[in-house]
Amino acid sequence: MQRCRETMERKNTAEMNQCKRKVRVCVATCNRADYSKLAPIMFGIKNNPEEFELEVVVLGSHLIDDYGNTFRMIEQDNFDIGSKLHTIVRGEDEAAMVESVGLALVKLPDVLQRLSPDILVIHGDRFDALALATAAALMNIRILHVEGGEVSGTIDDSIRHAITKLAHYHACCTRRAEQHLIAMCEDHSRILLAGCPSYDKLLSNNHRDDYMDIIRSWLGDKVQESDYIVALQHPVTTDIQNSIKIYGLMLDALISFNKKTLILFPNIDAGSKEMVRVMRKKGIEQHPNFKAVKHIPFDHFIQMVSHAGCMIGNSSCGVREAGAFGTPVINLGSRQTGRETGENVLHVRDADTQDKIYHALELQFGKRYPCSKIYGDGNAVPRILKFLRTIDLNEPLQKTFCFPSVKECFSQDIDHILETQSALAVDLGGTNLRVAIVGMRGKIVKKYTQPNPKTFEARMHLMLKMCADATRDAVSLNCRILGVGVSTGGRVNPQEGVVMHSTKLIQEWSSVDLRTPLSDALHLPVWVDNDGNCAALAEKKFGHGKGVENFVTVITGTGIGGGIIQNNELIHGTTFCAAELGHIMVSLEGPECSCGSRGCIEAYASGNALQREAKRLQDEDLLKVEGLNIKQAEPITAIHLINAARLGNNSADAVLNKASTALGMGIVNILHIVNPTLVILSGVLASYYHAPVQRIISERALQSAQNIKVLTSELEEPALLGAASMVLDYTTRRLL
């Protein structure tokens with residue numbers, strides 16, 4: 001029975017293999033450089049005829065006599081060329097490059113339709129390759145792009161990345177290139193980190209026994225190993241005139257350096273014709289030290305670069321393949337400055353003088369560097385073949401992109417792009433009514449202040465007028481107002497934008513709907529919250545609380561207030577009276593508080609409480625101390641009390657010690673209830689209370705809470721910044 005089962009399984013496997021059709025892979029090559037990368041893949045496909053069927057398309061400069069008719073080396077490698085497309089429009093300028101792309105697009109559809117490949121393999125960043133990718137994508141042919149994600153520093157980058165967006169699969173060479181592809185929103189499952197295919201041949205064939213015969217066949221019998229230079233400079237199509245100038249300076253430096261030099265003609269990009277003119281004007285083709293060639297077989301080129309004393313120019317071979325040999329390289333200009341390189345590459349980005357290039361030759365010539373495998377380990381082709389086998393030809397052809405989360409789009413007009421996103425912040429204080437335009441990073445662009453009127457009608461009228469003035473000014477200040485945030489004393493229902501009841505400092509201010517009149521008048525969204533909560537929000541967005549999940553802000557001003565952030569959320573409570581920190585009771589029989597109770601923190605430690613005690617001491621003639629000058633008509637404030645204590649007044653010091661103890665005990669209670677990471681003291685008295693509060697925590701808190709930090713706020717306008725943060729957080733929130 002076991003043998004029968006095994007026989008049946010073998011039979012089924014054989015039948016499945018017979019049913020599985022070969023994958024038809026078309027490899028398109030445009031020039032000598034990309035063939036060196038594609039040839040190892042082509043050999044790998046050809047060597048697996050039971051799985052793959054290879055088609056070869058040749059186009060571009062392969063078919064031009066001036067560039068060596070390099071299609072012949074493809075035939076010499078025993079590849080059958082299915083189609084030869086003459087796609088180059090001569091002229092070697094920008095217009096000719098565009099016309100060549102157009103000509104290729106005219107000719108490619110017939111070829112691709114006839115060959116009908118399952119997968120088209122394209123290399124790199126050439127304009128010919130862009131035509132191939134465009135045609136294949138429009139004809140619903142799957143594209144495998146080799147060497148995407150790299151950065152070189154020229155127009156090639158734009159072409160390479162455009163091909164990336166058209167391609168369905170990617171075989172990249174380096175880890176950084178892989179990360180670039182992911183950052184470009186390509187599907188990670190369709191990206192293969194393979195290494196450079198040319199390295200498969202480089203690392204296995206760069207130590208031929210006959211390398212000196214090859215070197216001498218190109219440069220003469222007298223040349224010695226490591227005593228010659230390989231030069232290869234291409235035009236930079238985005239800066240043609242400068243690249244021609246650098247080419248001339250390089251030739252002058254090489255003539256002066258007086259070493260045997262193999263110099264290859266530039267590629268067919270715009271500007272190459274002018275570079276060839278420069279070379280001929282300087283007599284390079286007749287110079288005894290130079291051998292100028294249009295093409296050299298890749299096997300020979302490997303040996304020439306591997307054993308050279310130096311390579312100079314701006315070819316990608318210098319910063320990529322030469323690293324595998326440790327050959328010293330001088331890269332001129334900007335063409336390859338974005339690529340990853342080994343320590344063998346010396347960049348001369350601003351190659352503006354012959355002397356600078358000559359000095360670089362002196363520094364590099366004859367050195368040897370460690371082998372660099374940034375671009376491959378010699379096993380790229382097996383990885384690529386394995387990757388090709390995993391491609392499901394039945395899956396949907398339409399590629400998908402992996403976009404990251406982005407900010408919600410508020411507007412799409414030009415004003416939104418140019419203007420600074422801002423909030424209108426309103427602070428309804430007991431003394432002043434303040435309005436400010438606040439930028440995204442917490443910068444107060446402009447602030448308006450007026451005395452807060454006593455009556456409801458006058459207060460509403462002034463607030464609307466100040467806000468309207470600010471919105472008009474915002475246009476000239478290049479600020480786009482996203483909404484209005486209001487900070488006010490008292491208990492607030494932030495869900496409805498209603499002040500339920502306020503402190504005694506703001507009269508006629510209960511059951512007041514602030515959201516509706518402001519929104520109707522300004523046509524903007526409106527957020528309203530308690531001033532203590534706003535101070536906490538300000539710290540969360542702009543202050544010490546940024547990035548902290550759990551913290552408490554305590555305001556020490558005219559009154560005592562604050563806000564609690566728990567798990568990154570502001571705590572409001574069931575009836576919106578959470579974080580009324582000033583009304584935590586620390587004594588059963590303490591002084592009367594403004595809330596009507598006794599023994600609250602606010603009754604001991606607020607600015608009003610300290611002012612009350614200062615007046616009492618003054619009335620009892622106990623505030624005087626040497627160095628403290630109080631004018632007869634001068635109103636007594638909490639500052640007088642603090643100054644008296646600092647000058648040694650025992651009575652003032654006793655009052656402040658009691659106030660500090662009350663505040664510290666209240667904060668200890670907070671620590672034991674919500675266990676925050678951080679306590680932030682805000683307000684005019686914060687700097688005075690900081691040290692005493694930290695001391696009381698260390699003395700009276702549970703051991704697990706004694707090390708909680710107490711910091712003094714560094715925000716100058718916490719109420720305004722907190723009001724602004726409500727607007728900025730909601731209107732620019734991220735999509736989940």
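UniProt positions are given here in the numbering of this model, feature names are shortened, and annotations may be inferred rather than shown by experiment. This is a predicted model: local features need pLDDT of at least 70, side-chain atom pairs count only at pLDDT 80 or more, and totals for chains, interfaces and linings use all residues. Residues are numbered from 1 along each chain as its sequence is written, and side-chain values use heavy atoms, with hydrogens and water left out.

**View 1. Asp531, the residue that UniProt annotates as "active site".**
The annotation comes from an unreviewed UniProt entry and covers Asp531. You'll find Asp531 in helix α19; helices (H or I, at least four residues) and strands (E, at least two) are DSSP runs, numbered from the N terminus. Asp531 is partly exposed, at 31% relative accessibility. Here, buried means under 20% relative accessible area, exposed means over 50%, and partly exposed is in between (1.4 Å probe, protein chains only). Setting aside residues up to four places away in sequence, Asp531 touches Ser487, Thr488, Gly489 and Ile555, where contact means heavy atoms within 4.5 Å.

**View 2. An open sheet of five strands.**
Read across, the strand order is β24-β23-β22-β25-β26, and the pairing is mixed. β24 and β26 (709–712) stand at the edges with a single partner strand each, so one side of each has no neighbour in the sheet. Two strands count as paired if DSSP finds at least two bridges between them. β22 and β25 (residues 678–682) run parallel, with five bridges, and Phe551 has Leu678 in β25 as its bridge partner. Helix α19 (residues 531–542) packs on this sheet and touches β22, β23, β24 and β25, its direction making about 125 degrees with that of β22. Another helix, α24 (residues 686–700), lies across β22, β25 and β26 and runs at about 175 degrees to β26. For both angles, axes are lines fitted to C-alpha atoms, for helices over the stretch in contact, and angles run from 0 to 180 degrees between N-to-C directions.

**View 3. Strand β23 and its two hairpins.**
Zoom in on β23 (residues 560–566): six of its seven residues are buried, so the strand is largely enclosed by the rest of the structure. With β22 (residues 551–556), β23 pairs in the antiparallel sense over six bridges. Thr553 stands opposite Gly563 in β23, and the hairpin joining β22 to β23 passes through three residues. On to β24: β23 and β24 also run antiparallel, joined by two bridges, with Leu570 in β24 as the bridge partner of Ile565. Two residues sit between β23 and β24 in their hairpin, and Asn567 in the turn has a positive phi of about 55 degrees.

Cys593 is buried, with a relative accessible area of 5%, whereas Cys595 is partly exposed at 43%. Leaving out neighbours within four places in sequence, Cys593 is in contact with His583, Arg598, Cys600, Glu602 and Ala603. With residues up to four places away left out, Cys595 touches His583 and Cys600.

**View 4. Helix α9 and its buried residues.**
Helix α9 (residues 211–219) has Met212, Ile214, Ile215, Trp218 and Leu219 as its buried residues. They cover an arc of only 160 degrees around the axis, which puts them on the same side of α9; the arc is that of the directions from the helix axis to the C-beta atoms. These buried residues pack against β8 (228–232), β9 (260–264), β10 (290–293) and α12 (298–306). Just past the end of α9, Gly220 takes a positive phi of about 105 degrees.

Cys30 is buried, at 1% relative accessibility.
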